Amino acid sequence: MEANTHGTGRLPAAFLTPGSSSFMDFLSEHQPELLPGKRSLPPVKGVIEAPHGTTIVAVTFPGGVVLAGDRRATMGNVIAQRDIEKVFPADEYSAVGIAGTAGLAVEMVKLFQLELEHFEKVEGAQLSLEGKANRLSTMIRSNLGMAMQGLAVVPLFAGYDVDREKGRIFSYDVTGGRSEEQGYAATGSGSIFARGAMKKLFRDDLNEAEATTLVVQALYDAADDDSATGGPDVARRIYPIVTVITEDGYRRLTEDEASGIARSVLERRLEQPDGPRASLL
Amino acid sequence: MSTPFYVSPQQAMADRAEYARKGIARGRSLVVLQYADGIVFVGENPSRALHKFSEIYDRIGFAAAGKYNEYENLRIGGVRYADLRGYTYDRDDVTARGLANVYAQTLGTIFSSVGEKPYEVELVVAEVGETPEQDQIYRLPHDGSIVDEHGSVAVGGNAEQISGYLDQRHRDGMTLAEALKLAVQSLSRDTNGSEREIPAERLEVAVLDRTRPQKRKFRRIGGRQLARLLEAGGAETASEAEGDTDSGGDVE
């Protein structure tokens, strides 16, 4: 299983072979069965029932980017988990939020985090933001077989580009196709509603506090119209996960901060259930 | 047809050890010291690209003296080992002890196999714990043995003399600035006893800092931060009773 079960206990040759700085490349040579994409699934009829994560949204603002996700996982018509976490730091300057099959998504994120960290340790330098986005693309593509059987994983990747000094968002499709989004983006079942909300509320001069409010508004609208997306759960104190990435790095809003935003949004919605109104012209 | 000469196993091993030791002695020495908030690595290294110290995992650092390509190879092997282990089990299951063991096995096998040339390297694997008592420092000489070290350790050409110097002067609970100053003093003493100045640009310094909020405790110290620490170290030894005044200085 691990390194020293081979013969004398010395590091096997694969460990000492110079070459790739990629942990995935190393795994595919040394222990391919550990790679999520290398597993073959027996043919099954119909859709496999597994918990699915739902809505992820992201918004850029001058100086950074905000990535947020709701807390619900569903399995058919059942709420599988109320407090699932779907937004993770990828490294110091980027984060990834995942919609789709929760179990595979979490594993993919774990491998992605490791891939970035491994590169950083071996090379002594970080990958460029584009490079990170491309690695994620490769990982999604390797999951295509599973995706065809209904176990898709569709992430949203956001990060602070240290060279260009701004926040950037990348969205993906199930085949690993990658596209950079300008301003805002959403993925998951509630994404249509969230995108509609963001379209009307987004401005390109938002500050950090406004951007975090905007993503919570968008998630609220998604939860309003999509049964698979969870709204702020005041009774259980479950609020969306909101993360901010700026030149100071990744930061997840504390529960107090997130609940503060969610509660103020909720407060206004008690008077105006459809949320803030944009002007007609 | 010629008959090969008989060489006794003792002689063969002694020759290989001699070969490895000479190779290591050509490189500059480096030191690893415990201080109150972690473990500091200090060495003289004119190159900014070819590091002697690096991060292996969250709490584990690596230092090496000797031949660059050989220890670089081992370093990458160690990173792969640690990352694979952390991926298969959990991040907490990656330990310096396990890593040191694998390194020892690797070095030992290479050292005693006739087909391979012995590695001319001496490694240090260090893990910072929650408290100074839980810190672990292992020294791995070229032949695959493991030495469990406490307080301070030196490897490389002049190691014996330097560790003698450090043993007398190192004490527990030093501040980072004090430990750094002691390390630089120990490194700047030549074999013949004379002292020379090592400019800050030629120093490579890294720490495993247990107070760092992130999971990954390793960080490099250079530039202005290093200059400030070196200065603080000088000032503190002048007024010994100052105590922990540098803690503000080592924040990035």
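**Ground rules.** I work from a predicted model, where local features need pLDDT of at least 70, side-chain atom pairs count only at pLDDT 80 or more, and totals for chains, interfaces and linings use all residues. Residues are numbered from 1 along each chain as its sequence is written, and chains are lettered from A and ligands numbered from 1 in the order in which they are written.

**Sheet.** I looked up the strand order in chain B and found an open, antiparallel sheet of five strands, 3-4-5-6-7. Strands here are DSSP runs of E, at least two residues, and helices are runs of H or I, at least four residues, numbered from the N terminus. Strands pair if DSSP finds at least two bridges between them. Strand 3 (53–57) and strand 7 (147–149) of chain B are the edges, each pairing on one side only.

I then checked strand 4 (residues 60–66) against strand 5 (residues 121–127) of chain B: seven bridges join them. A65(B) has E122(B) as its bridge partner. Helix 2 (residues 68–88) of chain B packs on this sheet and touches strands 3, 4 and 5.

**L208(B).** I placed this residue in strand 9 (residues 203–209) of chain B. L208(B) counts as buried because it has 27 C-beta neighbours inside 10 Å; the cut-off is 20 or more, with C-beta atoms placed from the backbone. Leaving out residues up to four places away in sequence, I list its contacts as including G61(B), A126(B) and F218(B). Contact means C-beta atoms, placed from the backbone, within 7 Å.

How values were computed. A residue is buried if 20 or more other C-beta atoms lie within 10 Å of its own, exposed if 12 or fewer, and partly exposed in between; C-beta atoms are placed from the backbone. Two residues are in contact if their C-beta atoms, placed from the backbone, lie within 7 Å. Axes are lines fitted to C-alpha atoms, for helices over the stretch in contact, and angles run from 0 to 180 degrees between N-to-C directions.
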